[in-house]
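Hi there,

Here is the structure I promised to pass on. Have a look through it first, and my notes come after.

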Amino acid sequence: MKKRSEVPIDAKWDLSSLYKSDEDFLKDYDYLINNYKKYKDFEGKLNNAKDIYDFFIFDEEFSKKFEAAYNYSSRKFDEDITNFKYQELSGKMDKLSTDISEVTSFIVPEMMKLTEDDVNRFIEEDPKLELYRREFKNLLRAKPHVLSEAEEKLLSLLSSPLSVGEEISSYLCDSDIKFGTITNSEGKEVELTNSNYSLYISDKDRNVRKNAFYTYYKQFENMQNTFASAYSSHVKYMNTNAKIRGYKDAREAALFGGNIDFKIYDNLIDTLHKNLYIMDEYYDLKKEVLGLDELHIYDIYADLISESSKEYTFEEAKNIVISALSVLGDDYINDLKKAFDDRWIDVYPNVGKAGGAYSAGCYTSNPFILLNFNGKFHDVSTLAHELGHSMHSYYSVKNNPYIYYGYKIFVAEVASQVNEIILARYLIDHTSDRLEKLNILDSLMELFKGSIVRQTMFAEFEWLMHKSESEGEILTSKYISDCYYDLYKKYSGSNMVSDPEIRYEWEKIPHFYYNFYVYQYATGLAAACYIASNILEGKDGALDKYLKFLSLGGSMDPVDELKVAGVDMNDPEVIQKCMDMFKSVIEEFKEIYEK
């Protein structure tokens, strides 16, 4: 692997839209350090038009600089996490972020004292405040759930000691539990860890997979009571906090910020229940292709088809993605090419570079994409995925004032998955290589299984746990594990052996501490399938609606933004169309495989 200094300049991102040098960054850092306490100048004054407007102006200027500085330090750190200089800069920005949170804690409680009449009067006195009407509306909507300043301070002080469940779970999984050793496919004894388990559970050698599965989950069985204590305390905390704030339950509290109707959550689960027969077809196919009499959990992550030997240069990947996404129109493609021409992308792995992939940016710069490109189909798909995020961000910045450019998590994965689906369909339709087609179809089936079926199962489990606790159920390790196992069997169908060890899988899922987050993976994929299908089928107005959606940022509630794209998440047909696509991909795989 090359050192950072050995990577060609045209394969590195250009951060000059943030800062042209470290010296320029340090000038803004000095500004931030010298001015963040000025927020305190507004304490006790957010009760009149002039001071509120002055506050918004100061906050916007300060926040733009903070976001730029935070992005710069983070991007430089991720280039080489062993670089002490950028370790220090990143640490300084983290510390500053904490300090800012402390001095700004008065803002929301103080704003909450305003009434709708106050807001209307202030806007009449200073029409420039009209821009912030939606911001006021969102604040006032939350007013019934905000407590007095003394109570808010008390809850804030208690939040850290009362929410240690996630931290305990993380330490157990990633540090304290020793999983033991297994024998790999080369006959060598290797240590099994939480981070390398995914490698061995997908190994070509079934004995390796089986041994990894039983070795891994034996330790979760041994620690079940500790994990149950951590998770049940988290559930109790979320339920109690919701009740204190006047919400019906923890789920309503979690969905409130995005103004998401809980019926969307229920609709997702109900529609999946009606379509779980598809998992019978999927696992029947998997059993046939793998040549197994019985399909166990330790078999389901094995590749159906040996990985294609086909490799792509980054230039080839770029051209494929541009060609595939050309269905999104000339304007979109011309804007997307800026990502390559203006070096938004950090392409290859290097010594010390952060792993994985992401898109990140801020209001005053273009987006940036971190890749670790190795030339496989997965890397091409990842490029398309991250470009989806970046184009969504690019259009959000371009079409909105600062205060409304950030979009909600509920819509954050839509654009990225639209790109993935369009790319996969393009490659399937433009290759005569059956092995390549099967590999792409296999990756699509895994996407549907992982992002809609599995995440919906997680969402149902999370809701069941919170509901049970609020109704007086004691969340013992047995109760939690029994509920999880029942759901796992239900969502896996009858063509797979649901080995009883999987009853402890809930212990290793960090998302169960993210407060009703996981359902958005499923709704995001469903919305993306609906949009991509309409565009590829040439439905009248589908493309224009989608491009308009990309430009909305956070200017509307996320459910309403998707309606602009032609997607009504209250309609079960959106989820159904996604499951229909899953079924058609299985059938397409079968047809090609049988030939």
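Below is what I found, starting with how to read the values.

This is a predicted model, so local features need pLDDT of at least 70 and side-chain atom pairs count only at pLDDT 80 or more, while totals for chains, interfaces and linings use all residues. Residues are numbered from 1 along each chain as its sequence is written, and side-chain values use heavy atoms, with hydrogens and water left out.

**Salt bridges**

The structure holds 37 salt bridges (a side-chain nitrogen of Lys or Arg within 4 Å of a carboxyl oxygen of Asp or Glu). One of them pairs R4 with D346, with the closest N and O atoms 2.7 Å apart. R4 sits in the segment before α1 and D346 in strand β3 (residues 345-346), so this pair ties together parts that are 342 residues apart in sequence. (Helices, H or I of at least four residues, and strands, E of at least two, are DSSP runs numbered from the N terminus.) R4 also forms a salt bridge with E79, where the closest N and O atoms are 3.6 Å apart. Here the partners are 75 residues apart, with E79 in helix α2.

R4 is buried at 13% relative accessible area, E79 is buried at 10%, and D346 is buried at 1% (buried means under 20% relative accessible area, exposed over 50%, and partly exposed in between, with a 1.4 Å probe and protein chains only). Salt bridges that share partners join R4, K76, E79, D346 and K353 into one network.

**Two buried residues**

Y39 is in the loop between α1 (22-35) and α2 (49-79), and its relative accessible area of 2% makes it buried. Leaving out residues up to four places away in sequence, Y39 touches several residues, among them F55, F58, F62 and F106 (contact means heavy atoms within 4.5 Å).

S169 lies in helix α8 (residues 165-176) and counts as buried at 5% relative accessibility. Apart from neighbours within four places in sequence, S169 is in contact with F227, E507 and Y513.

L154, L158 and L162 make a nonpolar surface patch of about 260 Å² (patch residues have over 30% relative accessible area and no salt bridge; like charges are joined within 9 Å, nonpolar side chains (Val, Leu, Ile, Met, Phe, Trp, Tyr) within 5 Å; areas come from the Shrake-Rupley method with a 1.4 Å probe, and for residues only the protein chains shown count as cover). L158 lies in helix α7 (residues 149-162) and is partly exposed at 36%.

Best wishes
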